[in-house]
Structure formats: structure tokens, C-alpha cells
Amino acid sequence: MSNFAIRTFQENDFDMIQSLLQQEQWSNLVENREETMQALLNSDLALVVVDGHEVVGYLRGLTDGAVTLYICEILIKEDYRKKGIAQQLMKEAHGCYPSTRIEMLATSSSKEYYTDRGYRPFYGFRKSAEELQKN
């Protein structure tokens, strides 16, 4: 990872992150631009991976600082994958809160990536804000 740097998210990184999200077709985060910006600004942890001046990946996390570090999003630009960048980004994030366990959601297509690195699946539930309003 010698050509890359990991640093804290800055507001001027946002447009490049939006571009990554759009390329990945994470449309909810792209369409809800203001909420996505607020999520990055208000997260306990928001890191970016830069290659020169280009943001090529990011991680956003929430933590209680003692038990759990929840990785909300981690994304690496497609042509930068399989270079150990995501693994280094996760290591950097955990280094900020070394006593915590890491939890995250994953897609079916990324399941193998995480299990190959020793992560184990766990079971959970989810309900969106819109669904909560219906009850």
C-alpha cells in the first residue's frame, strides 16, 4: 500500500465518495446526498484512502469505544481492489478502537471476502425509518 494514504474524511472528499457510490450503484446513499454527508460528518470514524489527490476508498463506522465498532460502509474503487487496501483500511479503523470487536453487514457477493479473512456471520434484523413509521 505504499502509494496510498489513509486519513480522516474531509468535507471536500465528499464528491469523490459520491462518485464511488454511484459507480457501485449504492443509489440510496447517492440519492440522499445531504443525509449521506451528515452520516459521514457525524460518524465516530470516517476514513478515506487516497492515491495522490483521488479518493479511491472509504470506511464509515460507529462505536461505543469499548465493545463494538460497527462498520457502516466500506468501499474500494473497483480497479483498486485485490491490492490489500480494504484490509489495511479495516486494520487502521480497528487500531483507533483496539479493544472493540468489529461488526458489519455484507452483501451476498462480499460474503466470501470476509469469511476468507476470518470474519464469521451473525444474525440480525433491520427496519427502515419508513417502515417504522407504518407501525
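How many disulfides does the structure hold? The count is zero, a disulfide being a pair of cysteine sulfur atoms within 2.5 Å. Cys72 is in no disulfide, and the nearest cysteine sulfur, that of Cys96, is 14 Å away, too far for a bond.

The model is predicted: local features need pLDDT of at least 70 and side-chain atom pairs count only at pLDDT 80 or more, while totals for chains, interfaces and linings use all residues. Residues are numbered from 1 along each chain as its sequence is written, and side-chain values use heavy atoms, with hydrogens and water left out.

An open sheet of five strands has the order S1-S2-S3-S4-S5, with mixed pairing. Strands (E, at least two residues) and helices (H or I, at least four) are DSSP runs, numbered from the N terminus; two strands pair if DSSP finds at least two bridges between them. Strand S1 (5-8) and strand S5 (101-104) stand at the edges with a single partner strand each, so one side of each lacks a neighbour in the sheet. Within the sheet, S2 and S3 run antiparallel and are joined by seven bridges; Leu45 has Gly61 in S3 as its bridge partner.

Helix H3 (residues 33-42) has Thr36, Met37 and Leu40 as its buried residues, where buried means under 20% relative accessible area, exposed over 50% and partly exposed in between (1.4 Å probe, protein chains only). Seen down the axis of H3, these buried residues fall within an arc of 100° (taken from the directions from the helix axis to the C-beta atoms), so they line one face of the helix. On the other side of H3, Glu34, Glu35 and Asn42 are exposed.
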